[in-house]
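Colleague: I would like to learn how to read strands and cores in a model. Can we go through one together?

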Amino acid sequence: MTTMSRTKLAVVGAGAVGTSLAYAALIRGSAREVALYDIAAAKVEAEVLDLAHGTQFTDSSTIVGGDDIAVVAGADIVVITAGAKQQPGQTRLDLAGANIAILRSVLPRLLEQAPDAVYVLVTNPCDVLTVAARQISGLPAHRVFSSGTVLDTSRLRWLISRKAGVATSSVHATIVGEHGDSEFPLWSSATIGLVPIRDWTVDGRQLFTWEYLEQLTDQVVNAAYTVIRGKGATNYAIGLSGARIVEAVLRHEHSVLPVSSVLDDYAGVSGVALSVPTIVGRRGIERVLEVPMNGRELGLLRDSAETLRQSLAGLGF
């Protein structure tokens, strides 16, 4: 297991998501050192100072940062959050062109500073950017992936746990596909404890009818839009999700998380990045798991892949 004394996390982008991720990582002790980089000098220096002032109360982690890209030097993992902000009414795919341009600018310079790091994309549309980042960087598939549907899965499990009256950790249900409008839950394998979700009853009454499961899906798919309308950005939950992924890598956990990587003949899907249950460890992607899906779910996965394929084609990938 990688020791805390030898771990460095670099966060690229000092906006709402990047600072929330850095904050979560400090509090959780995700890495021994957190480095925050942004081209906006005054902003990033202020954020680093604010975070540093609280390190007395964190788990022996330190924070550094600034507008000099050298602050990321030697990072074990680089999380990229920099990008154009999603506006109310915009889909994640609408952001693609601007954020790919940012990747083309920053990724080669990041590789000079942290040539051995695992690279995680959080910037949206994260699935499209994962494909772009692989082509721009030339890195192997296991070292470039995105946060995918880790947050969407957390949203789903929270909703199910509230309805069932159990701890979120006892809910085993996963969102797969695009981190976006074509994502979907794997209801065929969802359980609460060991009980299939469709068999979960209270006083003999089935709680999770097909109608209710469709409502849950809609709530998860639209969750980000709801938050953005109310406060302008989603940041706390994705910050925590990002910190969790960082821990899986730096601690070589072999945790199963629904991150998004470029698939190679996964249920007939190749060349696009989609989220499916994946073993995450020190190398990044350790293994993409072949999970059972019924015919409907396989169809939805291929539809999600086609949505992304069309977006990539429109962007020249």
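Colleague: How many bridges join strand E17 to E18, and do they run parallel or antiparallel?

Modeller: This is a predicted model. Strand E17, residues 278-281, is joined to E18 by four bridges, and the two run antiparallel. As one example of residues facing each other, Gly 281 stands opposite Gly 284 in E18.

Colleague: What is the order of the strands in this open sheet?

Modeller: The order is E14-E17-E18, three strands with antiparallel pairing. E14 (255-257) and E18 (284-288) are the edge strands, since each pairs on one side only. On average, neighbouring strands of this sheet are turned by 40° against each other, direction ignored.

Colleague: Now the cores. Why look for groups of nonpolar residues?

Modeller: Because nonpolar side chains in soluble globular proteins tend to be buried together. Here the largest nonpolar core has 43 residues, and Val 78, Ile 80, Leu 110, Tyr 119 and Leu 274 touch the most other members. Among the elements that give two or more residues to this core are strand E1 (8-12), strand E4 (77-80), helix H3 (96-113) and helix H9 (295-314).

Colleague: Which element gives the most to this core?

Modeller: H3 does, with seven residues.

Colleague: Which residues is Leu 110 in contact with, leaving aside its neighbours within four places in sequence?

Modeller: Leu 110 is in contact with Val 12, Ile 69, Val 72, Val 78, Ile 80 and Tyr 119. Another core lies apart from the largest one; it has 32 residues, including Val 48, Ile 63, Leu 250 and Ile 285.

Conventions. Residues are numbered from 1 along each chain as its sequence is written. This is a predicted model: local features need pLDDT of at least 70, side-chain atom pairs count only at pLDDT 80 or more; totals for chains, interfaces and linings use all residues. Side-chain values use heavy atoms; hydrogens and water are left out. A nonpolar core is a set of buried Ala, Val, Leu, Ile, Met, Phe, Trp, Tyr and Cys residues joined through side-chain atoms within 4.5 Å. Buried means under 20% relative accessible area, exposed over 50%, partly exposed in between (1.4 Å probe, protein chains only). Contact means heavy atoms within 4.5 Å. Two strands pair if DSSP finds at least two bridges between them. Axes are lines fitted to C-alpha atoms, for helices over the stretch in contact, and angles run from 0 to 180 degrees between N-to-C directions.
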